[in-house]
Amino acid sequence: MNNSAEGLRALNLLKKRKILQEELELKKRRIEEENRMGNIDSKFKAHYDAIEQQLKSDTIGLVTLEDMKRKQEDMIKARQQQLARERKARLDAEQKKIEAKKQMTVKKQTLSFVDDEEEEEEEAVAEMEDDESKRKKRFGKNPDVDTSFLPDKEREEEDNRFREQLRVEWERTQAEIKAEPMLVVYSYWDGSGHRRELAVKKGNSIQQFLQATLVTLRTEGQFSELRSATVDQLMFVKEDTIIPHHYTFYDLIVSKARGKGGPLICFDVHDDVRLLHDAKREKDESHAGKVILRSWYERNKHIYPASRWEPYDPEKKYEKANNPEDEEHYSVI
């Protein structure tokens, strides 16, 4: 209500200012008309036709020059007086309009408080009616009816918040799993095995693992062929399967990846499971992975054991063979 009262006061001030401007314009016009000076020719020219017509009608027959001039001056004075009366009547009418506007403004100001009270009462009644209508609508619903199939904004917002909460929690859990340490037992293979161990994180990629093994083997100084080698020239073979560099240990573990010779989810074994266990049974344990130079593989891929190796294909499924004496122990479906 304070805003409405301030708005009314501002409107009244604008109206007063407009009335004052009109009064100033009226006074200005009066002063200009009173101070307007001009020669007799310009004044006479404005009404020349009316005066000439009247002069012709009054001077019928022979008239002396003096009488002619006297009648002409009398007509000009009468015409000027008539124009002055008309101008005064017009200015008086404008003044009356301004006075009437002032009186209307004063009346509106005296009634503004009454109008404000009436507006407050009307707004209060309207708010009560809105509240009653809302209550009637709420009471009109049947709480026993199943409305889960209907669109509900609040329910959708709640579902979205719950999904977002689950997503954040899932990402946090996966980040914790990827940060977990794990021990990888590998063997640098150059025709014979040189077993080593390396601690990595489950979120590390095969390329990161090979880079770390390259640094470790160079530090030992036993393998001269690794001095100029890069990580792109190394390969990682696990269970007779060549694993690409972009895969992570986390990807293999989560997807329960399998290779040609067994599962690709355990990297901390120390012995050959085919010598210690029954090949008919599936074991979580597996062979140590091999780190080799790609150049060595290209020279010896037709000779055992490199002849058994094949690239990893996640779409390819392997099944344990029924014959325990099978050399590979696994057959492709």
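Author: Happy to; we'll go through the sheet, the salt bridges and a charged patch. One thing first: this is a predicted model.

Reader: Great. In what order do the strands of the sheet come?

Author: The order is β2-β1-β5-β3-β4-β6, an open sheet of six strands with mixed pairing. At the edges stand β2 (193-201) and β6 (310-311); each has a single partner strand, so one side of each has no neighbour in the sheet.

Reader: And how do β1 and β5 run, parallel or antiparallel?

Author: Strands β1 (residues 181-189) and β5 (residues 289-293) run parallel, joined by three bridges. Tyr188, for instance, has Val291 in β5 as its bridge partner.

Reader: Switching topic: how many salt bridges are there?

Author: The count is eleven. One of them links Glu176 and Arg172, with the closest N and O atoms 3.1 Å apart.

Reader: How are Glu176 and Arg172 placed in helix α5?

Author: They are four residues apart there, which means about one helical turn separates them. Glu176 is partly exposed at 45% relative accessibility, and Arg172 is partly exposed at 44%.

Reader: What about Glu310, buried or exposed?

Author: Glu310 counts as buried, at 17% relative accessibility. Its salt bridge is with Lys316, at 3.4 Å between the closest N and O atoms, and Lys316 is partly exposed at 30%.

Reader: Nice. Last one: which residues gather in the patch of negative charge?

Author: Glu154, Glu156, Glu157 and Asp159 make up that surface patch. Asp159 sits in helix α5 (residues 153-178) and is partly exposed, with a relative accessible area of 35%.

Definitions and conventions:
Residues are numbered from 1 along each chain as its sequence is written. This is a predicted model: local features need pLDDT of at least 70, side-chain atom pairs count only at pLDDT 80 or more; totals for chains, interfaces and linings use all residues. Side-chain values use heavy atoms; hydrogens and water are left out. Patches are made of residues with over 30% relative accessible area and no salt bridge: like charges are joined within 9 Å, nonpolar side chains (Val, Leu, Ile, Met, Phe, Trp, Tyr) within 5 Å. Accessible areas come from the Shrake-Rupley method with a 1.4 Å probe; for residues, only the protein chains shown count as cover. A salt bridge is a side-chain nitrogen of Lys or Arg within 4 Å of a carboxyl oxygen of Asp or Glu. Lys and Arg count as positive and Asp and Glu as negative; His and the chain ends are not counted. The place of a charge is taken as NZ of Lys, CZ of Arg, CG of Asp or CD of Glu. Helices (H or I, at least four residues) and strands (E, at least two) are DSSP runs, numbered from the N terminus. Buried means under 20% relative accessible area, exposed over 50%, partly exposed in between (1.4 Å probe, protein chains only). Two strands pair if DSSP finds at least two bridges between them.
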